[in-house]
Amino acid sequence: MSVEVTASTQTRSRTPRSSTLRDCVLAFGSGALLFASFPPRPLWFLAPFAVALLVLVLTRFGAGDRAGTAQDRPPLRPRGGFGYGFLAGLGFLLPLLPWVGEYVGPAPWLALAAAEAVFFGLFGVLAVILARLPLAPLWIACAWTLTEWLRSSVPFGGFPWGRLAFGQSDGWLLSLAAIGGAPLLGFAVALTGTGIAALAVAIARRRTTGDLLAAGAFALAMPVLAAALWPAVPGMESVDGAAGDRKIVVAAIQGSVPRLGLEFNAQRRAVLDNHVRETLALAEDVRAGTQPQPDLVIWPENASDIDPFRNADAAAAIEAASRAVDAPILVGAVLVNGDRTTTNSVIVWDGDNGPQDRHDKKIIQPFGEYLPYRDFFRHFSSYADQAGNFVPGNGNGVVTAAGIPVGVATCYEVAFDRALSQSVRADAQLIAVPTNNATFGDTEMTYQQLAMSRVRAVEHGRVVVVAATSGVSAIVAPDGSVQESSSLFVPATLVAEVPLRASTTLATRLGPIPEIVLCVGATLALAVALVRRRRSAAPIN
């Protein structure tokens, strides 16, 4: 008898360990599944299931309910939720971000992935606390939005890369971006996932028909809404000239770079010459009648790392290209300031009138364009001193070229909601995303960034022109579809007739309001849940 009791005790002691190991694997696997849903893979539909799997781990399949064997496993504590959420974050971010260390070693990549996974851990804490509330799938989805907002805000201005919305550029929910921007789109994916989790629990627990219908409503609400809204997405209808819209011809130049890696900057003149050469070739094609006359030409970020305001040869080359193609050029250039700091700028250069409007990049990349706490971080990597000394600009992000107001989001800026919202609210009728991805090699980074541009096109109802030094360059229609695109590390010129738009989407007009509402909802729900937990833990006199 004593042997049997000992064996039974050993079995019970092993069961929690094996269950914990299983849940760790599932949590990490949910992050890996979320990564699989991101571009360049067309598996966007995996994202809600990734969220559902993580939520099921965090809620232990309804642990603490009166029915089922889940009674043997008490609900997770918040610290357990943090651990599982952190593992999910690693499962997602480790394969998503290796481009960060492409030429500088794994330390920055691993450090960034671990730091950002903390926000997934915070989501795990919130999900555990909110799981016992009525309408829990709704509040947990709001909590996802709240943690994405935090991740996009702190530290050092935040890091929005990998938000749920940015994996949905081909998805059925994309139309929601025109209503509430990237925050609403991400919330819709999260709510679909939490609804799937609730439905799975309801089926497993053989709940009532009402419970099944309620869970199914959460799972299907956002896809049904998106399907209903899809015909109203800007770009699905024809351009109405009477409404003030007109068409122009735009060209994006991808000059490419002599070689990969960080040292491409040492060949600054070669990069500039490549873009001049491609523009002159376009001018020849226009004269030959094989290409239409462009109204506007867009060069990428870092097309001229030689400051054309300080170097007469660079200025002359740009001016000659503009005159040859008979159109102003948006030139991505690095400008040296009087205090030896630099700005990452886009200059409107007109062959007849010289430099005109200018956008100085406002949201600059920490640990790349500048290094916070440089003396501290140089102890960890010899590449620390290669970080730039850039300073942010100001303004609304709009430049005018050939009478066309263009909203500019330079590379990293496209990940931040506020950059293009400000530009389009300031009457930008076309969006340009000049970018330089050469320092990230042949990685998935450029496809992840292109997906962001596609979401922004739908969010603001504007054509987005992506001009990259080394690819992928693209011309994106207002419905998010790619009209033209290039390959990686080849010279290319994209030319297309595109509509200009003066009208604005609801998302543009609302700005951050949808995100604020969702975050406030999560915060209020958290307050209610904490009060309930405290009352339930209070001793009964």
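Analyst: What follows starts with the strand and its sheet, then turns to another sheet, and ends with cavities and a pocket.

The model is predicted, so local features need pLDDT of at least 70 and side-chain atom pairs count only at pLDDT 80 or more, while totals for chains, interfaces and linings use all residues. Residues are numbered from 1 along each chain as its sequence is written, and side-chain values use heavy atoms, with hydrogens and water left out.

The strand is E1, residues 246-254. Strands (E, at least two residues) and helices (H or I, at least four) are DSSP runs, numbered from the N terminus. Seven of the nine residues in E1 are buried, so the strand is mostly covered; buried means under 20% relative accessible area, exposed over 50%, and partly exposed in between, with a 1.4 Å probe and protein chains only.

E1 has a partner in strand E12 (residues 492-500), to which nine bridges join it in the antiparallel sense. Two strands count as paired if DSSP finds at least two bridges between them. Along this pairing, Val-250 has Ala-496 of E12 as its bridge partner, and Ala-252 has Leu-494 of E12. E1 also pairs with strand E2 (residues 296-298), this time running parallel, over three bridges. Here Ala-251 stands opposite Val-297 of E2. In a regular strand the side chains alternate between the two faces of the sheet.

These strands belong to an open sheet of six, in the order E5-E4-E3-E2-E1-E12, with mixed pairing. Strand E5 (354-360) and E12 are at the edges; each has a single partner strand, so one side of each is left without a neighbour in the sheet. From one strand to the next the twist averages 35°. Axes are lines fitted to C-alpha atoms, for helices over the stretch in contact, and angles run from 0 to 180 degrees between N-to-C directions.

Two helices lie against this sheet. Helix H9 (residues 312-325) touches E2, E3 and strand E4 (342-350), and makes about 35° with the direction of E4. Helix H8 (residues 268-288) lies across E1, strand E3 (329-336) and E12, and runs at about 135° to E1. Contact means heavy atoms within 4.5 Å.

Another open sheet of six strands has the order E6-E7-E8-E9-E10-E11, also with mixed pairing. Strand E6 (398-401) and strand E11 (482-485) are its edges, each with a single partner strand, so one side of each is left without a neighbour in the sheet. The twist there averages 25° from one strand to the next. Within it, strand E7 (residues 404-408) and strand E8 (residues 430-435) pair in the parallel sense over three bridges, and Val-408 has Ala-432 of E8 as its bridge partner. Helix H11 (residues 417-425) lies across E6, E7 and E8 and runs at about 165° to E7.

On a 1 Å grid over the protein atoms alone, a cavity is a set of points where a 1.4 Å probe fits but cannot get out; a pocket is an open set with protein on both sides within 12 Å along at least five of seven lines; lining residues have an atom within 4 Å of a point. Grid points are joined across faces, edges and corners, and a volume is the space filled by probe spheres set on the points. The whole structure has three cavities of 30 Å³ or more.

The largest cavity holds about 60 Å³. Its lining includes Phe-119, Trp-144 and Arg-151, and H5 gives the most to it, with four residues. By class, this lining has four nonpolar, one polar and two charged residues. Ala, Val, Leu, Ile, Met, Phe, Trp, Tyr, Cys and Pro count as nonpolar, Asp, Glu, Lys and Arg as charged, and the others, Gly among them, as polar.

The second largest cavity has a volume of about 50 Å³. Helix H1 (2-36), H2 and helix H3 (78-96) each supply at least two of its lining residues, and the lining has eight nonpolar, two polar and no charged residues.

The second largest pocket has a volume of about 860 Å³. It is lined by 34 residues, and the closest to its centre are Ala-131, Arg-132, Leu-133, Ala-136 and Pro-137. H6 gives the most to this lining, with five residues. The lining divides into 23 nonpolar, four polar and seven charged residues.
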